[in-house]
Amino acid sequence: PQSVYQTERYGNFTYTIPNLQAGKTYAVRLHFAENYVTGAGQRVFNVSMNGAPVLSNFDIFQAAGAQFKAVVQTFNTTADSNGKIAIVFTSIKNSAKVDGIEATLVTTTSPATTQIDAGGPASGSYVADANFSGGLTYATNHAIDVSGVTNAAPQAVYQTERYGDMTYTIANLVAGNAYTVRLHFSENYVTGAGQRLFNVSLNGTQVLTNFDIFQTAGAQYKAVVQSFDATADLNGNILVKFLSLKNSAKIGGIEVIAKP
């Protein structure tokens with residue numbers, strides 16, 4: 001509700017979620033809106049759950065892209081032997097803050113496919129941009145050539161993007177299960193090869209090195225998909241990390257598909 005984002009607790013503090021099932025996995029959703037500072041870099045903080053870092057140098061304004069705009073970060077966490085999850089907020093610059101917390105038991109089943117429209121609203125089966133940390137957004141109205149892509153995403157997915165150094169945490173997967181991760185790209189800004197280079201890793205394993213969208217696709221405004229196998233970690237997460245080398249890393253859409 002609106003009122004959740006309009007109130008907050010700030011400073012250095014801990015929330016202990018009790019009465020959970022010991023050893024069970026919970027999806028913890030942290031709700032934020034930047035209602036005080038007016039720009040990126042003015043509020044930075046860390047968050048840990050049961051001693052494990054989940055957000056480092058988190059900047060609400062940067063993640064949301066604006067003041068007074070909600071953003072949610074989701075993580076899978078296991079309740080300790082006492083049936084508790086302790087969420088610790090540590091200020092780095094200005095004060096840490098949070099507006100709302102949810103903890104939901106994760107069942108043994110999970111969606112067969114997760115599809116995210118990076119930097120954009122929901123489109124077809126792709127949900128609106130979510131579960132990211134860092135980066136900014138950009139959009140174009142130019143038509144995208146998807147003729148060279150099998151099982152292409154909707155046009156709108158390639159026309160919007162999140163760019164910069166950023167991370168997507170794909171949560172609520174089955175721990176230890178194998179997934180196919182499909183990354184959707186289109187070069188909608190630079191005009192030639194060598195102008196944008198970046199790396200991508202999945203759960204710490206680098207899968208793209210010095211990646212050049214224009215060079216791989218062969219043209220501007222042309223879709224290209226890179227596909228990789230990945231295993232969900234012990235918390236049921238796949239962490240997709242983008243690191244800029246020349247110009248900014250970028251992504252149009254992310255699919256995570258359970259393998260049979």
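Which element supplies the largest share of the lining of the largest pocket? In this predicted model, the answer is β5, with seven residues.

**Pockets**

The largest pocket has a volume of about 670 Å³. Its lining comprises 31 residues, and those nearest the centre are Val54, Leu55, Thr167, Thr169 and Leu239. At least two lining residues come from each of β5 (52-58), α2 (60-64), β6 (70-78), β12 (132-133), β15 (166-170) and β20 (238-246). By class, the lining of the largest pocket contains 13 nonpolar, 14 polar and four charged residues.

The second largest pocket has a volume of about 530 Å³. Val72, Asp129, Ala130, Asn131 and Phe132 lie nearest the centre of the second largest pocket, which is lined by 30 residues. Two or more of these lining residues are given by each of α2, β6, β10 (113-117) and β13 (136-139). The lining of the second largest pocket divides into 14 nonpolar, twelve polar and four charged residues.

Phe132 also takes part in a contact with a charged group: the charged end of Arg162 sits over the ring of Phe132, 3.5 Å from the ring centre.

**An open sheet**

An open sheet is formed by five strands with antiparallel pairing, in the order β12-β15-β20-β17-β18. Its edge strands, β12 and β18 (205-211), each pair on one side only. Within the sheet, β17 (residues 197-202) and β20 run antiparallel and are joined by six bridges. Leu197 stands opposite Lys246 of β20.

**Aromatic pairs**

The structure holds ten aromatic pairs. Two of them are set out below.

| Pair | Arrangement | Centre to centre | Angle between planes |
|---|---|---|---|
| Phe13 and Phe89 | stacked | 4.5 Å | 20° |
| Phe185 and Phe211 | tilted | 5.0 Å | 50° |

Phe13 lies in strand β2 (residues 13-17) and Phe89 in strand β7 (residues 85-93), so their pair ties together parts that are 76 residues apart in sequence. Phe13 counts as buried because its relative accessibility of 10% is under the 20% cut-off. Phe89, with a relative accessible area of 1%, is buried. Ring pairs also link Phe13, Tyr15 and Phe89 into a cluster.

Phe185 and Phe211 are both buried.

How values were computed:
Residues numbered from 1 in each chain as written. Predicted model: local features only at pLDDT ≥ 70, side-chain atom pairs only at ≥ 80, totals over all residues. Heavy atoms only, no water. 1 Å grid on protein atoms, 1.4 Å probe; cavity = no way out; pocket = protein on both sides within 12 Å on 5 of 7 lines; lining within 4 Å. Points joined across faces, edges and corners; volume = space filled by probe spheres on them. Helix = DSSP H or I, 4+ residues; strand = E, 2+ residues; numbered from the N terminus. Nonpolar A, V, L, I, M, F, W, Y, C, P; charged D, E, K, R; others polar. Pairing = 2+ DSSP bridges. Phe/Tyr/Trp six-rings, centres within 6.5 Å; stacked < 30°, edge-to-face > 60°. Buried < 20%, exposed > 50% of the residue type's maximum accessible area, 1.4 Å probe, protein only. Lys NZ or Arg CZ within 6 Å of the ring centre and 35° of its normal.
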